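Visitor: I would like to learn how to read nonpolar cores and aromatic contacts. Can you take me through a case?

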Amino acid sequence: MRSNEMLQQAINTYDEVVSLPNVPSDLIKLSLKREADRQQFLGRMRGSLVTLQKLVQLFPGETSFKNDLGVGYLLIGDNSNAKKVYEEVLSLAPNDGFAKVHYGFILKAENKIAESIPYLQEGLESGDPGTDDGRFYFHLGDALQRMGDKEAYKWYELGYQRGHFASVWQRSLYNVKGLKAQPWWTARETGYTELVKSLEKNWKLIRDEGLAVMDKKRSLFLPEDENLREKGDWSQFTLWQQGRKNENACKSVPKTCALLEGFPEATGCRRGQIKYSIMHPGTHVWPHTGPTNCRLRMHLGLVVPKEGCRIRCAQENRDWEEGKVLIFDDSFEHEVWQDAESYRLIFIVDVWHPELTAQQRRTLPAI
């Protein structure tokens, strides 16, 4: 009946079951599990956590409830308590695949790359319920790649076969099915020719405003924070994030922001960003995949050293050129090398995938 009021009544009733006399333990388990599930459905993660804690207290010997509690902690971003829960599960049940994949996932989030691999791998190989999830294939492959292990592609292939990835190369997890998929795009193919023309025509203006920010307020450029660098120095200055304009940032580059206002495919792209990106010599960005197939990424070259800078998307390398736009789909695996003598400055503009409908652009949740 799609009524939140009724759902709340159900949650209250599940809760009451536990305090009734002589309730069979199976009914208590079912009631509390359903209560926690419905609380999560309503976005009440902390309430759900309390319910899951109650389940674990009442039935301390059941590892499946501890596993659910670990997920409850992960849902509120409390990785350290989730980690303790999975350590406890693995001490009681060393072969629990569900606990293994989640424990490996947490280790990788802590940047303990080598340590995470056996947990993720053994957890996936167990085939236990709840382990066949695209995120675990994604993170196991990524960890193996960072260790220089070509086995990564075996797991990407398996993830693709299980239906988690669009292809071995295109491994985004937040997708709209059926969108045209190719690593590199031309301006004409995107249909956003006016935006590309405008960026290329005004590239010096965009460059000069960016350089002025670099000169005056280097602190406005923040280090890349997604743990994508193997080594080096890579910073970004963001103007739009998830379709929201950063008014403060735009005060420093007013002409650039004014120029973009006329292109809602970029400023309204809630699954992307618009930003300056500076990369210093000696930087290598790990092979990685963006989160969604719903956007394309434009790179406008602003300050590009003559040689030593390149980007690979899928199996093809390209070079940046000053005043020219490169367009690629960052849901495909890509990698960047900066081995030049001086810094590289580009301007990044994400746009909605051209095949998304107006309705989809309005309703897709932000990333």
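Guide: We start with the cores, then turn to the rings. Keep in mind that this model is predicted.

Visitor: Which residues touch the most other members of the largest nonpolar core?

Guide: In soluble globular proteins, nonpolar side chains tend to be buried together. Here the largest nonpolar core has 41 residues. L195, L199, L239, Y276, M298, F347 and V349 touch the most other members. A second, separate core of 24 residues includes L52, Y73, V89 and A99.

Visitor: What does M298 touch?

Guide: Leave out residues up to four places away in sequence. The contacts of M298 then include Y192, L195, V196 and L199, and also V325, L326 and I327. F347, I348, V349 and V351 are among them too.

Visitor: How many aromatic pairs are there?

Guide: A search of the whole structure finds 11. Take Y103 and Y119. Their ring planes lie at 80°, over the 60 degrees required, so the pair is edge-to-face. The ring centres are 4.8 Å apart. Y103 lies in helix α6 and Y119 in helix α7, 16 residues apart.

Visitor: Why are Y153 and Y156 separated by about one helical turn?

Guide: Because they are 3 residues apart in helix α9. Y153, Y156, F165 and W169 form one aromatic cluster.

Visitor: Where does the charged end of R344 sit?

Guide: Over the ring of W320, 4.7 Å from its centre. The charged end of K180 sits over the ring of W185, 5.1 Å from its centre.

Notes
Residues are numbered from 1 along each chain as its sequence is written. This is a predicted model: local features need pLDDT of at least 70, side-chain atom pairs count only at pLDDT 80 or more; totals for chains, interfaces and linings use all residues. Side-chain values use heavy atoms; hydrogens and water are left out. A nonpolar core is a set of buried Ala, Val, Leu, Ile, Met, Phe, Trp, Tyr and Cys residues joined through side-chain atoms within 4.5 Å. Buried means under 20% relative accessible area, exposed over 50%, partly exposed in between (1.4 Å probe, protein chains only). Contact means heavy atoms within 4.5 Å. Rings of Phe, Tyr and Trp (its six-membered ring) pair if their centres lie within 6.5 Å; planes under 30 degrees apart count as stacked, over 60 as edge-to-face and the rest as tilted. Helices (H or I, at least four residues) and strands (E, at least two) are DSSP runs, numbered from the N terminus. A charge sits over a ring if NZ of Lys or CZ of Arg is within 6 Å of the ring centre and within 35 degrees of the ring normal.
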